[in-house]
Amino acid sequence: PYLGTACPVAPQQQRKQAIVLLIYMRSILFVVVMFAAAARAFTTVPRGSASGRFGVLARSMTAEAGEGKTVVDICTEKISAALGTDDVKVTGAYDDPNGSHITVEVYSDAFEGKRLVQRQQLVYKALWEELDSNAVHAVDSMVQNSQRKISEVRN
């Protein structure tokens, strides 16, 4: 009976249908955006790739294509070189496959006589390039002491 003509629906019912449709569309948009964000978070982009944000490493475990070094390896090397010690342990967070969240444990004579903040600054200075390029997003925890302090504690 209503072929070719508008179905007679009360304005209040039309309004309810429009609201339901709007909520449905928003929830679909939310799911799409969240899926895209999750996909982007776990996508690896080689360092220097034009497709990466600002042309730098966004979320990759490797420093350069073919090197085979992880972000954790690179951070360990940089801290060792900057502080002149081999007593460095850098680990990635257990739930972070890309190593963008790390934990640092370092013992060096360079920390002798320095306050906690000064020791942290030395470590962050060594990691600055990785932090600036987003290869490392955060240092979740950091332990830093002088070699002499550790030998006193162990004895």
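Helices here are DSSP runs of H or I with at least four residues, strands are runs of E with at least two, and both are numbered from the N terminus. Before going on, a word about the model: it is predicted, so local features need pLDDT of at least 70 and side-chain atom pairs count only at pLDDT 80 or more, while totals for chains, interfaces and linings use all residues. Residues are numbered from 1 along each chain as its sequence is written, and side-chain values use heavy atoms, with hydrogens and water left out.

Back to α2. From its first C-alpha to its last, this 13-residue helix reaches 18 Å, close to the 18 Å expected at 1.5 Å a residue; that expected span is 1.5 Å times one less than the number of residues. Several of its residues are buried, including Val71, Ile74, Ile79 and Leu83. Buried means under 20% relative accessible area, exposed means over 50%, and partly exposed is in between (1.4 Å probe, protein chains only). What do the buried residues of α2 pack against? Their partners are β1, β2 and α3, where contact means heavy atoms within 4.5 Å.

Two strands pair if DSSP finds at least two bridges between them. β1 and β2 (residues 101-107) run antiparallel, over 5 bridges. Look there for valine 88, which stands opposite valine 106 in β2, and for lysine 89, whose bridge partner in β2 is glutamate 105. β2 and β3, in turn, pair in the parallel sense over 7 bridges, with isoleucine 102 opposite valine 139 in β3.

The other helix to find is α3 (residues 116-132).

How many salt bridges does the structure hold? There are 2, counting a side-chain nitrogen of Lys or Arg within 4 Å of a carboxyl oxygen of Asp or Glu. In one, glutamate 129 meets lysine 78, with the closest N and O atoms 3.0 Å apart. That pair links distant parts of the chain, from α3 to α2, 51 residues apart. Lysine 78 also forms a salt bridge with glutamate 130 (2.9 Å, N to O), and here the partners are 52 residues apart. Through shared partners, Lys78, Glu129 and Glu130 join into one network. Glutamate 129 is partly exposed at 48% relative accessible area, lysine 78 is partly exposed at 23%, and glutamate 130 counts as buried at 1%.

Finally, have a look at arginine 119, also in α3. This residue is buried yet has no salt bridge, and the nearest side chain of opposite charge, glutamate 112, is 8.6 Å away. (Lys and Arg count as positive and Asp and Glu as negative; His and the chain ends are not counted.) Leaving aside neighbours within four places in sequence, arginine 119 touches Phe111, Lys114, Gln144 and Asn145.
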